[in-house]
Amino acid sequence: MNDDPLLLVLPLVRVQGGELDGWLGDSLARTIRERLEASGRRVVPLDAAIHACESLGIEVSDSLLPATEREWLGAQTGATHLVQGTFARSGGKLSLELHVLAGESDRALKARGPEADFQEVIDDGVVRLIQHVPGATGEHVRKRLRRARATESLDAYLAVVRARLAWDQGEEQTFEDEIATAIRLDPGYVDPLMVVASVAREAGDPERQVEALLEVARVHGAAKRRHEQAKALLSVGYARVENGDWDEAIEAYEQAAKLFDAEGEVRGAVQARMNVANVHLRLGDAELAFDEYQRGLERIQDFPEDLAKHTFNLGLALKGRGELEAAVERLEEALQHGFKLRDEELISSCYNALGAVYDDLGDHAKALTNFRRAEEHLDAKADPVLLAGVKDNIGIILKKQGEPERALEYSEQACELLETRGTPLHVAIAYVNRAGLLLELDRPDEAAPFVVAAHREFVRLHSPMRDTTAQMLVDLDFEEESIELIEREAAEEAEEDFEDDEDEDLELDDDEDVDEDEGDEGDDEGDDEDDDLELDEDEDDDDLDELEVDEDDDLEAV
């Protein structure tokens, strides 16, 4: 287990500030977090920090958190140091007042300077801050901080802050205008593109999400920032996976792996290759995935978080190979890693996976127990997709235990969660499970629309699961012509998506050629007798085994 200090950075607060100041304080905290990582410090991911505050009912203000609340945050996130503070803007000056809180100690520090040199002010604050946290210091760290600067333009920085506020308020045109302003002021500033990718994902626009991420990769590549370019390509791969674009996902991950290898970054290369293996596992090639996980496991023994994920994924691959007892052993091992790391997502995913393995072993009681434990470690805000998968799995077990009415309640909850945040594939699988329960309850008219929607999506994604839904449509007395029409429309939509994607492909010019710079479906069919398509660990935990690397999941060079 890594004993290095772990910092949790809370949003900065402007005394008597307005709504825009709240978003600026959040952005300043994000920037400080990035600088701390550039200095070599470990930092709690932003999503985890936000979730911890929300789940504990902690509100950040200009007053320091009470000792009890600081203890709660430390216990939930594993943080050894808390960074809290305020900022002020007056007379063209930016002032920061930060507190480094550890146990009973409170180290206060200040940084102040012209707003035009806001990045220098932030660097000054971080340099003073890290004096109180074990780790490297000195001029070489100051150089790392300068390299981590995303923009020197305060106006561009503030335009992104205003854009985030506008999106939160539903002012879409203002959002677009502010994003365009930020890019115009600094064409090399990638933050506005990352914000576009984030809101596009939230809005269910995968094409725009991928387009923005590809542009991020291009901008980093043009500036010879290979580490950042590789991270952007990992995000491209993750977005492709969410949309079911498997080949394009593999291509993006492999490009990222080459860049990481060229930079000598073992951890990044292994994570990229792990994501390639995850795609193979989803496509049913457990053997290929197993070999990749084994190779990666040998290279990341010094990184507990990565070791835990590899161990988990190795358990999935063993399940895919039919080695169920060995899968239980690996998943139990990953579960212990999760407890040590205080990683709620990993813990819930392990329980979920163990439930699926015990289901395969025919032990429905143990399966249900593990699925229930997974549910206890999740909430809709933290990971609605994984929670939906767990609820669907509980419903499947209840159905097998002869309780279809209770099973339908869980299936409906799963669909509701997935319809707002799930990928098209997730939603389609949940629809099939829901339709199966409705059919068992002799409610075919209610089941039909879900089967049609699922079949359309399976055809669009070229999934073999289309055979299951095609047969369900036949059993529902759909005429052959009607089924062919559904499939034709879905195929045409898929072709349109493919043509759009071709226009968005990442082009690396001669200076950016990664080669020159080099120096599941197996569980988706569920139970044959019941035709359940389980949203189990191979389908519902993208955020765990498909490692998304964005501003909240930066990789560290090794």
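**Strands, a helix and cysteines**

Modeller: Let us begin with a pair of facing residues, keeping in mind that this is a predicted model: leucine 8 stands opposite leucine 82 in β3.

Colleague: In which sense do strands β1 and β3 pair, and over how many bridges?

Modeller: In a regular strand the side chains alternate between the two faces of the sheet. Here β1 (residues 6-9) and β3 pair in the parallel sense over three bridges, whereas β3 and β4 (residues 93-102) pair in the antiparallel sense over nine bridges, with glycine 85 opposite leucine 98 in β4. The hairpin of β3 and β4 has two residues between the strands, and glycine 91 takes a positive phi there, near 60 degrees. As for cover, seven of the ten residues of β3 (residues 81-90) are buried.

Colleague: What span should helix α20 have, and how far apart are its end C-alpha atoms?

Modeller: An α-helix has 3.6 residues a turn, so residues three or four places apart point the same way. With 17 residues at 1.5 Å a residue, α20 (residues 424-440) should span 24 Å, and its end C-alpha atoms lie 25 Å apart, which agrees. Because 14 of those 17 residues are buried, α20 is largely enclosed by the rest of the structure. Aspartate 442, which follows α20, has a positive phi near 60 degrees.

Colleague: How many disulfides are there, and is cysteine 350 buried or exposed?

Modeller: A disulfide is a covalent bond between the sulfur atoms of two cysteines. With a cut-off of 2.5 Å between the sulfur atoms, the count comes to zero disulfides. Cysteine 350 is buried, at 0% relative accessibility, and cysteine 53 is also buried, with a relative accessible area of 10%.

How values were computed:
Residues numbered from 1 in each chain as written. Predicted model: local features only at pLDDT ≥ 70, side-chain atom pairs only at ≥ 80, totals over all residues. Heavy atoms only, no water. Buried < 20%, exposed > 50% of the residue type's maximum accessible area, 1.4 Å probe, protein only. Helix = DSSP H or I, 4+ residues; strand = E, 2+ residues; numbered from the N terminus. Pairing = 2+ DSSP bridges. Expected span 1.5 Å × (residues − 1).
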